[in-house]
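Please have the sequence and the model open as you read.

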Amino acid sequence: MLRTNQSFLSYLEELYHKENGEDIVPQTFSSGEKLLIQDEPLSKVMLIKDGIVKCYFAEENGKEYIVEFLGSGEIIGEVELIKNIPCLCGIEALTDVTVYTINLSHFKSLIKNDLILNNLLLDSFAERIINTSSRASYQQLYTIEHTLAQLLKMQLKQNIEISKENMAAYLGITVRSLNRILKDLK
C-alpha cells in the first residue's frame, strides 16, 4: 500500500552529496500541493526523500483513482522522461514532502552513463509490475472491507490522516459506499 525504496534513496543521497549541485536540488512541498500534474509536460524527475504522496489518475468525469501511495526512495517522472510523454498521472503530497529534483538533461545523462542507476530503475520497474499484478489479484480475491482494513492499518502505522475521498479513490468506490462499509465495520 505504501511503496518505498531505500536503495534508490541511498544512491541519490550519495550522488547529491558527491555533485554538490545544481542538477540535483532538494525541494519541499506542503500537504495538498501537486508535484506533477496529469497530462502536463514534465519539468523534473523527482525522488522522494521523506513524506507521502498519492499517485492518481484523474478521469474525464472528474473522479480520481489512486494507483499507489509513495514514500521515501520512490522515483517519479522517470517513465515520462524515458518515453518523452506528458505526465501519465497526478502526484500530490498527502503530508509535507521533501524530494530531490533532478534536472531532465542530467537524468538523461545519468541513464546513458550510470549502470547503478539503470539497475535501480530496472528493479523499480520490476517491482511496479509485481505490485500491480499483486494488487489486481488481491482485489479479486479479497473484499473491499478487507482492503479497507489494511488501508486503515497503514494509516495508523504511518501516523497520517487519509481523507475519505482518498480512501474511496484508492478502493475504487464512492465516498457513500465507503461510509456504508465504515458504518458496518463499527
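## Buried cysteines

A residue counts as buried when its relative accessible area is under 20%. The model here is a predicted one. With a relative accessibility of 12%, Cys55 falls under that cut-off, so Cys55 is buried. Cys87 is buried too, and its relative accessible area is 1%.

Let us turn to the sulfur atoms. A disulfide needs two cysteine sulfur atoms within 2.5 Å. For Cys55, the closest cysteine sulfur belongs to Cys89 and lies 3.1 Å away, which is too far for a bond. Cys87 takes part in no disulfide either: its nearest cysteine sulfur, again that of Cys89, is at 7.8 Å. By this rule, the count of disulfides is zero.

## Helix α5 and its two sides

Now for the helix. Helix α5 runs over residues 144-158, which makes 15 residues.

Which residues of α5 are buried? They are Thr147, Leu148, Leu151, Met154 and Gln155. These residues cover an arc of only 115° around the axis, and therefore sit on the same side of α5. An α-helix has 3.6 residues a turn, so residues three or four places apart point the same way. Lys153, Leu156 and Lys157 are exposed, on the other side of α5.

## After the helix

Asn159 follows α5, and its phi is positive, near 55°.

Methods. Residues are numbered from 1 along each chain as its sequence is written. This is a predicted model: local features need pLDDT of at least 70, side-chain atom pairs count only at pLDDT 80 or more; totals for chains, interfaces and linings use all residues. Side-chain values use heavy atoms; hydrogens and water are left out. Buried means under 20% relative accessible area, exposed over 50%, partly exposed in between (1.4 Å probe, protein chains only). Helices (H or I, at least four residues) and strands (E, at least two) are DSSP runs, numbered from the N terminus. The expected span of a helix is 1.5 Å times one less than its number of residues. The arc is that of the directions from the helix axis to the C-beta atoms.
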